Amino acid sequence: MAVLKAIGPPGSIPFIAFCLLLALIAAYVWPRSKRLARNWLWFVVIAHTAMALPLVANLIAGALPRVAVAQAGALQNLDTLFVLDGDNRVGRVRAGAEAARASPNARVHVVGGHWWLPDALVEAGIARTRITHDYAPEDTRQQMDEIERLLASQPDGRKAVVASRLQMPRVAGLVRAGGLHLALIASPIDTEPPTTGWRLLVPSYYALRVSRDAIYEHAALAYYDWRGWIQIEASEQRAEARDSDA
């Protein structure tokens, strides 16, 4: 995961730059094969063009484990609302603001380092006096560790956490592993790719971003499962059981 974070997942600018560097090395350093470099570049272009198709992006994102979540505006009488920093921040702000408006007495705790999230919540109509911000956690596991610490000191009341729908399977796994009592609110992607019609086959940067973030989440889920922090199989079995009950 450290290597993936340093380079970036497929679809990210750092990853594309890394691929270009490999092509230059192949062409001019070792093994000095311009044909290999040319074929590699074609592969990178074709792969990223495919990832930019909404059809492909939806398939990659749809393969993430399914999680039972609540609608942002449906939860009322919350006393604490956690908003995780991460991908698709605009969607997180929208869902966080909607949930905060549905529970006007809830404290809103932003967990993660991006400085403009509290300002965006204020612009969305949430009073700044309701908002606190913890900059320290740098990744999803650290964010959830911080939430677990806060829950231990404030065990009473109803609490919920907002994360993007792509990150939510990992968050849900950590919630289950920690035995935390949290309602899950999955925020939308900043710009959702189309799901029907001819636009499914039209490449777009927004779809590429969805593919990029979903690929990262697949890798992160596998890594968390390997480390024993979550259990992917258990989450998938629960999702299948819910589907069969429905």
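Predicted model: local features only at pLDDT ≥ 70, side-chain atom pairs only at ≥ 80, totals over all residues.
Reader: Is the crossing of H7 and H8 left-handed or right-handed?

Author: The crossing of H7 and H8 is right-handed. Residues are numbered from 1 along each chain as its sequence is written, and side-chain values use heavy atoms, with hydrogens and water left out.

Reader: Why are H7 and H8 called oblique to each other?

Author: The axes of H7 (residues 140–153) and H8 (residues 168–178) cross at roughly 40° and come within 10 Å. Under 35 degrees is roughly parallel, 65 to 115 roughly perpendicular, over 145 roughly antiparallel, and the rest oblique. H7 and H8 are therefore oblique.

Reader: Which residues of H7 and H8 meet?

Author: From H7 come Thr140, Arg141, Met144 and Glu148, and from H8 come Arg170, Val171, Leu174, Val175 and Gly178. Contact here means heavy atoms within 4.5 Å. The residues of this contact divide into 4 nonpolar, 2 polar and 3 charged.

Reader: What makes H8 largely enclosed by the rest of the structure?

Author: H8 is largely enclosed because 8 of its 11 residues are buried (under 20% relative accessible area; exposed is over 50%, partly exposed in between, with a 1.4 Å probe and protein chains only). The buried ones are Met168, Pro169, Arg170, Val171, Ala172, Gly173, Leu174 and Val175. They pack against S1, H7, S4, strand S5 (183–187) and H9. After H8 comes glycine 179, with a positive phi near 65°.

Reader: Which residues have the most contacts inside the largest nonpolar core?

Author: They are Phe82, Leu84, Met144, Ile147, Val161, Val171 and Leu182, in a core of 31 residues. Two or more residues each come from helix H4 (54–62), strand S1 (80–84), H7, strand S4 (159–164), H8 and helix H9 (205–227). Isoleucine 147 touches Phe82, Leu84, Val111, Val161 and Leu182, leaving out residues up to four places away in sequence. Another core, of 21 residues, lies apart from the largest one and includes Ala99, Val108, Leu117 and Leu121.

Reader: Why is H2 called roughly antiparallel to H3?

Author: Helix H2 (residues 13–28) and helix H3 (residues 34–51) pack at an angle of about 165°, with axes 7 Å apart. That angle makes H2 roughly antiparallel to H3. H2 passes H3 in a left-handed crossing. On the H2 side the contact includes Phe15, Ile16, Cys19 and Leu20, and on the H3 side it includes Trp40, Leu41, Val44 and His48. The residues of this contact divide into 14 nonpolar, 1 polar and 1 charged.

Reader: How do you know whether asparagine 88 is buried or exposed?

Author: Asparagine 88 has 5% relative accessibility, so it counts as buried. Its place is in the loop between S1 and helix H5 (89–102). Most residues other than glycine have a negative phi.

Reader: And asparagine 77, buried or exposed?

Author: Asparagine 77 has 64% relative accessibility, so it counts as exposed. It is found in the loop between H4 and S1, and its phi is also positive, near 65°.

Reader: What makes arginine 66 count as exposed?

Author: Arginine 66 counts as exposed because its relative accessibility is 53%. It is placed in the loop between H4 and S1. In sequence, arginine 66 and leucine 166 are 100 residues apart, while their C-alpha atoms are 9.9 Å apart in space.

Reader: Why is arginine 212 called buried?

Author: Arginine 212 is at 18% relative accessibility, and therefore counts as buried. It lies in helix H9. Arginine 212 touches Pro9, Pro10, Gly11, Ser12, Met51 and Tyr205, not counting residues up to four places away in sequence.

Reader: How many helices and strands are there in the chain?

Author: There are 10 helices and 5 strands; helices (H or I, at least four residues) and strands (E, at least two) are DSSP runs, numbered from the N terminus. Of the 246 residues in the chain, 45% are buried. Among contacts with a separation of 6 or more, 72% are between residues 24 or more positions apart. The C-alpha atoms fill a box of roughly 65 × 40 × 40 Å along the principal axes.

Key:
Axes fitted to C-alpha atoms, helices over the stretch in contact; angles between N-to-C directions. Left-handed = near helix turned anticlockwise from the far one by under 90°. Nonpolar A, V, L, I, M, F, W, Y, C, P; charged D, E, K, R; others polar. Core = buried A, V, L, I, M, F, W, Y, C linked by side-chain atoms within 4.5 Å.
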